[in-house]
Amino acid sequence: MILNGKCPAGPLAEKWDRHRNEMKLVSPANKRKYNIIVVGTGLAGASAAATLGELGYNVEAFCYQDSPRRGHSIAAQGGINAAKNYPNDGDSIFRLFHDTIKGGDFRAREANIYRLAVLSNNIIDQCVAQGVPFARDYAGYLENRSFGGAQVSRTFYARGQTGQQLLLGAYGALSRQIKEGTVRLHPRTEMLDLVVIDGEAKGITVRDLVTGKFECYAADAVCLCTGGYANVFHLSTNAMGSNVTAAYRAYKKGAFFANPCFTQIHPTCIPVSGEHQSKLTLMSESLRNDGRVWAPKNKGDNRSPNDIPEAERDYFLERKYPAYGNLAPRDIASRAAKEICDEGRGAGSSGYGVYLDFADAIKHLGENKIRERYGNLFEMYEKITGENAYKQPMRIYPAPHYAMGGLWVDYNLQSNVPGLFVLGEANFSDHGANRLGASALMQGLADGYFILPYTISDYLAQTAFGKVNAGHPEFRRSMEDAESFTKKLLSVNGKKTVSEFHRELGRIMWDNVGMERNEGSLKKAMELIPGLRAEFWENVKVPGSGVELNQEMEKAGRVADFLEFGELMARDALHRNESCGGHFRTEYQMPDGEARRDDENFCHVAAWEFKGVDNGPELHKEPLVFENVELAVRNYK
Amino acid sequence: MNLTLFIWRQKGPDKKGRLEQYEAKNISAEMSFLEMLDVVNEGLIKKGDEPVAFDHDCREGICGMCSQVINGVPHGPQEKTTVCQLHMRNFKDGDSIYIEPLRARAFPVIKDLIVDRSALDRVIQSGGYISVHTGGIPDANAILIPKENAETAMDAAECIGCGACVAACPNGSAMLFTAAKVTHLAMLPQGKIEAARRVCVMTDSMMNEGFGNCSNHYECQAVCPKGIKVQFIAKLNREFIKAAIRRRGGF
């Protein structure tokens with residue numbers, strides 16, 4: 001099937017406005033008759049639930065954490081982009097659009113990204129009005145900083161905690177609606193199934209994580225704002241609870257999964273310290289504004305970094321990409337670091353790390369300025385490694401961080417299943433094959449505050465409200481399925497823990513479907529994963545019962561989904577016979593080692609339709625059409 | 001290193017709990033405290049015992065989900081550090097470690113080390129925000145904010161809502177938590193308009209949820225993983241008195 005992204009016609013700059021004028025509205029008196037489910041309360045979910053509540057809809061909001069303030073958006077450090085051009089350095093909406101589409105290696109829709117760039121400015125206004133304490137200069141104006149993949153300073157920030165402050169803003173707006181009674185909150189509740197009736201999304205089945213009780217909720221539309229799937233790698237910068245379950249189970253109910261192989265490996269994370277490692281910690285990309293990335297010139301140089309003289313250091317990003325230097329985009333910086341370590345020039349005892357050095361910045365800006373900019377990051381680094389980064393360079397290494405892929409949605413953020421909307425990291429729409437820094441916060445909030453509230457009304461206005469209630473037999477079936485899945489997990493009673501399986505899956509994914517892939521490695525992964533999955537269902541040990549708080553069981557359900565999803569990722573990566581952005585196939589590279597795209601054959605979105613766990617999924621394509629930018633080789637040199 | 005752990009085990013909210021002893025063997029100094037507990041839990045699962053339930057999520061010290069009292073101190077011995085960021089190099093071979101849930105009247109235990117902190121959410125829901133609608137906002141630079149005020153607002157806004165301040169307080173008070181939000185918003189021109197109403201409704205809500213009052217022990221500041229200062233409680237009190245005078249005439 002050829003998918004249609006439903007981008008409106010007309011000149012790029014007018015598409016969204018024109019579309020807004022054409023979409024149908026729901027009258028104020030009717031809004032409260034519509035029930036909308038929002039799953040997830042990160043930036044996308046909290047902003048969507050709050051805005052829909054404000055408009056007068058009846059909203060049910062769900063999150064697995066104990067409070068909606070804890071969505072993993074909270075961990076975003078560096079900032080949020082907007083085309084305000086406050087620094088007068090040549091920025092514009094078109095330039096933000098162009099940087100983002102180029103950063104994504106021309107694998108995203110023009111119309112979506114242009115809309116994102118337009119709305120970026122509204123987001124900053126909105127957040128300031130909510131009381132987000134962005135950094136300011138002495139005259140009281142907002143400050144900006146630079147970020148990877150851009151030659152202008154367009155990133156707004158609140159110390160190293162921008163995600164936290166934006167999320168607390170959205171959480172405040174959500175809290176206000178909870179008090180108003182327009183939004184009912186269900187914390188510690190996990191979505192386990194999407195209920196589709198007559199081809200339309202009409203509700204969800206959830207498990208109360210405290211009591212273990214299963215419940216069904218019927219609605220007129222369902223919005224998934226459930227984040228990304230980087231935890232398929234086991235070790236990632238995601239929260240421990242971040243998972244693919246909601247999106248994957250929607251996929252099993254007919255929603256297409258788009259570009260699952262597009263995952264971002266973030267260049268600046270703290271290296272792994274041992275087998276016990278449970279997660280990886282990111283050091284904000286903003287550090288690359290003042291830090292210089294280097295590795296020893298000589299193999300096996302295990303002197304302390306401060307003892308390695310200047311002449312024996314290789315500032316490899318500055319050397320290879322003089323125009324962008326240390327601010328080269330994430331995929332490029334990550335791969336460069338891996339190359340160095342594979343050559344045997346890595347730093348630290350494991351050899352898997354490169355240095356991020358602040359000595360020069362401290363020399364000309366002073367330690368205080370650096371402390372003001374990044375103090376909390378330096379503290380965090382010291383807590384984890386026991387090393388003082390004011391005195392010796394940080395050690396960093398790439399780690400899985402963000403999923404550009406996600407459920408397929410059209411321009412209205414609606415999936416191929418009518419009534420199912422997907423927002424934020426959970427959808428695939430805006431970042432192509434690589435996301436630029438400070439763009440995730442922008443996308444999550446654009447989706448939730450400014451896009452979905454318009455597009456969902458267009459759908460609802462054409463649907464009668466309250467078509468089904470939770471008494472419908474489809475809900476009963478969904479609940480029985482969820483219950484029997486749980487029982488099955490508990491009944492295996494094998495010998496290996498859930499974490500052991502997760503770790504093994506992570507190793508398969510990292511080695512074969514990680515920063516670099518090729519046909520051989522991907523085929524290997526597609527052999528290994530089904531084997532591991534079979535072993536999981538024969539030998540996993542999940543203690544306790546299903547009718548109580550049981551964290552191992554929650555984890556087991558999520559890992560069970562990753563064990564299927566990992567295979568889909570490998571399959572998608574295998575189908576895409578080109579290199580682009582975060583998807584680097586070693587067979588497809590330029591003589592200088594840069595990614596070689598194949599615009600003739602792969603200028604499309606790959607959307608997969610579920611056809612059973614043991615049957616391969618079916619591939620559908622959405623061709624990408626570029627009318628306003630030239631498909632060029634991404635050059636940061 | 002090898003450690004002896006005494007961990008609070010409690011089946012459910014209405015069940016009786018008690019400290020049980022566990023051995024943690026071959027723990028490396030590089031591990032985080034929660035990774036050490038992961039190791040203990042893996043051992044328990046393999047033996048067919050039930051693992052210790054504890055809240056955690058981001059493991060980067062920012063989501064505020066982790067919440068344990070270690071040797072009597074919420075979040076443990078290292079200053080300005082959440083449990084998830086606490087590393088085992090802060091302990092030594094042979095140590096005994098007592099691990100308990102956050103204890104406060106307003107935080108009922110759900111299971112083992114997990115408590116119900118939704119009372120903090122309800123304090124925010126009572127009015128801990130600026131009542132702004134989505135859309136129709138003037139340019140972000142239309143209202144200037146002195147840098148010092150923005151910085152103070154940010155100092156207060158750093159609160160992660162973990163509830164350690166409540167557990168550390170002999171009165172089980174949520175004054176530091178509430179004061180942080182009141183200060184954050186009252187420092188900004190956008191938040192000033194509702195400041196009087198906000199401080200009153202949030203204080204009422206705090207009392208109704210069963211949190212105690214502040215009697216200047218400063219334990220909250222000592223355990224706060226984000227270093228939120230007790231000066232904000234003074235700011236809360238000042239805001240409250242100003243508002244109380246206005247409140248008599250209706251807002």
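How many Å separate the centres of domain 1 of chain A and domain 2 of chain A, taken over C-alpha atoms? The separation is 30 Å.

The model is predicted, with local features needing pLDDT of at least 70 and side-chain atom pairs counting only at pLDDT 80 or more, while totals for chains, interfaces and linings use all residues. Residues are numbered from 1 along each chain as its sequence is written, and chains are lettered from A in the order in which they are written.

**View 1. The two domains of chain A.** Domain 1 covers 268-399 and domain 2 covers 479-601 of chain A, with bounds that come from an automatic or database domain assignment. Five residues of domain 1 of chain A are in contact with four residues of domain 2 of chain A (C-beta atoms, placed from the backbone, within 7 Å). On the domain 1 side, helix H9 (residues 330-342) of chain A gives the largest share, four residues; helices are DSSP runs of H or I with at least four residues, and strands are runs of E with at least two, numbered from the N terminus.

**View 2. Helices H14 and H15 of chain A.** H14 (residues 498-512) and H15 (residues 519-539) of chain A pack at about 175 degrees with axes 9 Å apart, which makes H14(A) roughly antiparallel to H15(A) (angles over 145 degrees, on a scale from 0 to 180 between N-to-C directions). Among the contact residues are A:Phe501 and A:Leu505 of H14(A), and A:Leu528 and A:Phe536 of H15(A).

**View 3. Chain B against chain A.** In this interface, 65 residues of chain B are in contact with 61 residues of chain A. H1(B) gives the most to the chain B side, with seven residues.

Technical notes. Angles under 35 degrees count as roughly parallel, over 145 as roughly antiparallel, 65 to 115 as roughly perpendicular and the rest as oblique. Two residues are in contact if their C-beta atoms, placed from the backbone, lie within 7 Å.
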